[in-house]
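Welcome! Please take a look at the sequence and the 3D structure below, and then read through this short briefing.

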Amino acid sequence: MLSDDERTRFHGAVNSLKYDRTVEPNKFDALAEFHRGLAVFVAHGGPGFPGWHRLYLMLFEAALQEVDPSVCLPYWDSTLDSSLDNPAESYVFSDDFFGPIDGDITSGPFANWATPELAPLTRSGGRDGVLFTHDAIRDMMTRNTYEEILMPDQDPQYNMEFHHGGAHVFIGGHMERLDEAAYDIIFFLHHAFVDYIWELFREKMVANGLDPEVFPTGTIVNDYHRPDALMGFGNVTHAEGYLHALKDSYEYERSPECSRGNPDCGSKYLYCNTTIYRCLPIDPAFPPVPNPGPNPKPCKPNKPQAYQNSFCIDGVCDVNQWVWVPVKIMSQRPPEFHTYPSYPVYNGKMSK
């Protein structure tokens, strides 16, 4: 969990992107634009869903770390809030975290944000939809294969994308519309939790002797979700979104838990409900008190990686078919990154 200082720096980095207009309309909204138009179909409604969003989150975190290398993208575990009698009254919707859950966002760290169309960022939370619940995650974890949790023709009880949609509807406003959802910072925190759940499922597959890098087969509703279909991020395919290499640059801290033997949730914003022994957000009517527990782990910085270009175009994979265009470098490689395992391709063969 983030410390107060880490959360403040995260908010600062996000706002730096929002008000950096070196890219039109600003860097934050430019990234949000990736989740519009055709991407709505490429990223949703099939097995490409988790891999597409994983790569998207990595791009967003990389942008944050250009502002502040110590910042990482946290996830929002909405099961903590869904356990409340009224999740809309969770402390996470205070000015210390997300800001208001209802109406125009006029207070909190993202106060007075607007979309590229100059419409104020809005939410209409708590009217409809359901946040992630412990039961929903438990149900998904009773399945064993991707086909059971990712294919659109499977039982919604076990479908990860179906459950993820409940939080979009619960927040409402811009979050409720797929082509505008990424204008709200909650989008990225919510999808980081979806990625966390997916990683838990992948760990289970490994423990059961299954290969989580194998793209699932089954009924695919459209061509956008074929394993060889491009995501829209360069030459990366949906199948490549399942590779372990994407996950090598970051790791997740486990969601907070408490028990009879350890009733400490590790954050002053959470308390352990000793009736059900579950961590819950504190009451917004009462200020948080310092937590005597251990200091949170610092964010793990991303490992620098190179991406191997396939150099394929019109069915031909050959670097000689490409034209090299000089571009202005907008960011620099880390100084410790000396080797680049990326090579030219000639006549369909990689030349090392």
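How many disulfides does the structure hold? The structure holds 2 disulfides, where a disulfide is a pair of cysteine sulfur atoms within 2.5 Å. This is a predicted model, in which local features need pLDDT of at least 70, side-chain atom pairs count only at pLDDT 80 or more, and totals for chains, interfaces and linings use all residues. Residues are numbered from 1 along each chain as its sequence is written, and side-chain values use heavy atoms, with hydrogens and water left out.

**Disulfides**

- A disulfide is a covalent bond between the sulfur atoms of two cysteines.
- Cys 258 and Cys 272 form a disulfide with their sulfur atoms 2.2 Å apart.
- Cys 258 lies in the loop between α9 and β3 (270-273) and Cys 272 in strand β3, so this pair ties together parts that are 14 residues apart in sequence. Helices (H or I, at least four residues) and strands (E, at least two) are DSSP runs, numbered from the N terminus.
- The S-S torsion of Cys 258 and Cys 272 is about 80 degrees, so this disulfide is right-handed.
- Cys 265 is joined to Cys 279 by a disulfide, S to S 2.1 Å. Here the S-S torsion is about -105 degrees, so the disulfide of Cys 265 and Cys 279 is left-handed.

**Aromatic rings**

- The structure holds 32 aromatic pairs. Rings of Phe, Tyr and Trp (its six-membered ring) pair if their centres lie within 6.5 Å; planes under 30 degrees apart count as stacked, over 60 as edge-to-face and the rest as tilted.
- Tyr 75 and Phe 193 have ring centres 5.6 Å apart and planes at 35 degrees, so the pair is tilted.
- Phe 110 and Trp 113 form an edge-to-face pair, 5.2 Å centre to centre with 70 degrees between the planes, and both residues are buried.
- One aromatic cluster includes Phe 28, Trp 52, Tyr 56, Phe 110 and Trp 113.

**Charges over rings**

- The charged end of Arg 7 sits over the ring of Phe 97, 4.4 Å from its centre. This needs NZ of Lys or CZ of Arg within 6 Å of the ring centre and within 35 degrees of the ring normal.
- Lys 18 lies over the face of Trp 113, at 4.8 Å from the ring centre.

How values were computed. Buried means under 20% relative accessible area, exposed over 50%, partly exposed in between (1.4 Å probe, protein chains only).
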